[in-house]
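Please view the sequence and structure below before reading on.

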Amino acid sequence: MKKYIFLSLLTVVMLLGCEDFIELDPQDQLTSTAFYKSAADAISATNAAYDGVQHLNYYGFNYPDILNIAGGDAIKGGFGAGDRPAYLEFETFNITDNNLRIGEFYAMAWGGVNRANQVLDNVSLMEVEGDFTEALKTRLLGEATFLRALHYTNLVLGFGGMPIYSSVPGIDDEVLPRATIEETWAFIIQDFSDAASILPDSYDAANTGRATKGAANAMLARINSFRGEWGQVNTYTDLVINSPAGYDLAPTFAENFDERGNNNIESIFEIQYTLSNTSLDIWSAAGDWNSNFIAKYSAPQVGNAGWATMSPTQELVDAFEAGDIRLGETVYQPGDQYGDGIFDPNDGSHFENAGLYGHKKLTGLDFANNAGNGFDYNYKIIRFADILLLKAEAENELNGVSANALAPLNRIRARAGLLPVNDTNNPGLTQDGLRDIILGERRSELAMEGLRFYDVIYRGRGTEFFGARGYQPGEEIFPIPPSEISQTGWPQN
């Protein structure tokens, strides 16, 4: 079967519009002189490789929504059952082949792979001269390698083994078969490792937000936690904790989720957003989904403030310990101050099916809608708190209850206003007991950040936590869009 652009790449072009995609000839007709002539061209192409992750159908709303609902942190919410009904399938794990939201995410991730491969294929052929230095060339290739690994991570988590495209296919190339899950993970790990070996620890102000060595090592820590490779998790968390970048916890939990948190000391890698959807930044072109739409879609409905989708569940609220200050910074509860008034889920302007609670993280309020639909709060893909909790978990899995396991855990708890875990407060604590505490701490710290679902699944506890909602082992792997199957001949999940 000879197809250069299979469904995913074709779909993403249609979703984004041609001005959102670098318009390049088919790879086998492209020479380095057609576009890649200068340092500015190479940088522009790399910026475009970052751009797609901002989109509404990817991290800009859709992908976190899928994972937050599947993980039990949120219900669909919104206007009613007919408003984005595909999300309802993730509440019950009755996920159909033609789920529109899966198709959107799938297309965006493959589009991201394609963009990264465009950079890798073409920047690697450029000759070093003038302001296109060897250091710049190496860095841009490292950034593209990181981004390809990020998209492949999302694809293998969502759909299992994927075909390994290490370059853009030529027009006469055969469609590759699906690799195994293990082969796909090996490719991802190699990409992140390669990126970590060449990326800088940090950037100047003009390049803030680009992938770094710390971001690649942090993703390797996360990936190895899914694989139960706790020695590797320990190694990579140590690299991040001791990084020259100086990562640390922000002084307060709340400031990670408003304008104060953009590229702050706790951020390891985050998606850059601007207030106006038509403004420019280093990632994108005008009108190119530059604003964060989580705020508009997920804030509780009052006047023009939000659409009340991705509303927190009672289960999530109940998971917080008494006195945990993070609850009030994650969830609007009845009686909470909300704008100039009080959050009341029974108010007629709050959609009746949106539940008793409102989503607070990243949902800045603009009741007059002066900023249009978007906000400029960056979306953190991985932050230092996550690394500290992975460090605690790795130490516990490797050595049981110890000072090395408790110290990073208690740094997180101290900021949350909670007592430390120790012999006095937790007499007789076992390795299993600490394992439960750390998993619970991950839920409270990282709630509504799209992490709970895979935290539970890849620790072998899916049935325990999701079985009551209909989850069966294996249902974490979603169906590939049927039109993709028909065009590629790949086996369906």
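Tyr 471 is buried, with a relative accessible area of 5%; buried means under 20% relative accessible area, exposed over 50% and partly exposed in between, computed with a 1.4 Å probe on protein chains only. The model is predicted: local features need pLDDT of at least 70, side-chain atom pairs count only at pLDDT 80 or more, and totals for chains, interfaces and linings use all residues. Residues are numbered from 1 along each chain as its sequence is written, and side-chain values use heavy atoms, with hydrogens and water left out.

**Aromatic pairs**

- Rings of Phe, Tyr and Trp (its six-membered ring) pair if their centres lie within 6.5 Å; planes under 30 degrees apart count as stacked, over 60 as edge-to-face and the rest as tilted.
- By this rule the count comes to 29 aromatic pairs.
- Phe 93 and Tyr 471 form an edge-to-face pair, because their ring centres are 5.4 Å apart and their planes stand at 70°.
- This pair links distant parts of the chain, 378 residues apart: Phe 93 is in the loop between helix H4 (88-92) and H5, and Tyr 471 is in the loop between helix H17 (462-466) and helix H18 (482-488).
- Phe 93 is also buried, with a relative accessible area of 5%.
- Tyr 332 and Phe 343 make a tilted pair, at 6.2 Å centre to centre and 40° between the planes; both residues are buried.
- Ring pairs also join a cluster whose members include Tyr 58, Tyr 59, Phe 105 and Phe 478.

**Helix H5**

- Helices are DSSP runs (H or I, at least four residues), numbered from the N terminus.
- Helix H5 (residues 100-123) has 24 residues and spans 35 Å from its first C-alpha to its last, close to the 34 Å expected at 1.5 Å a residue; the expected span is 1.5 Å times one less than the number of residues.
- Because 23 of its 24 residues are buried, H5 is largely enclosed by the rest of the structure.

**Arg 442**

- Arg 442 lies in helix H15 (residues 431-446) and is buried, with a relative accessible area of 3%.
- Its side chain is joined to that of Asp 386 by a polar contact of 2.8 Å; a polar contact is a pair of N or O atoms within 3.5 Å, where within protein one must be able to donate a hydrogen and the other to accept it, and residues adjacent in sequence count only if both atoms are side-chain atoms.

How values were computed: Helix = DSSP H or I, 4+ residues; strand = E, 2+ residues; numbered from the N terminus.
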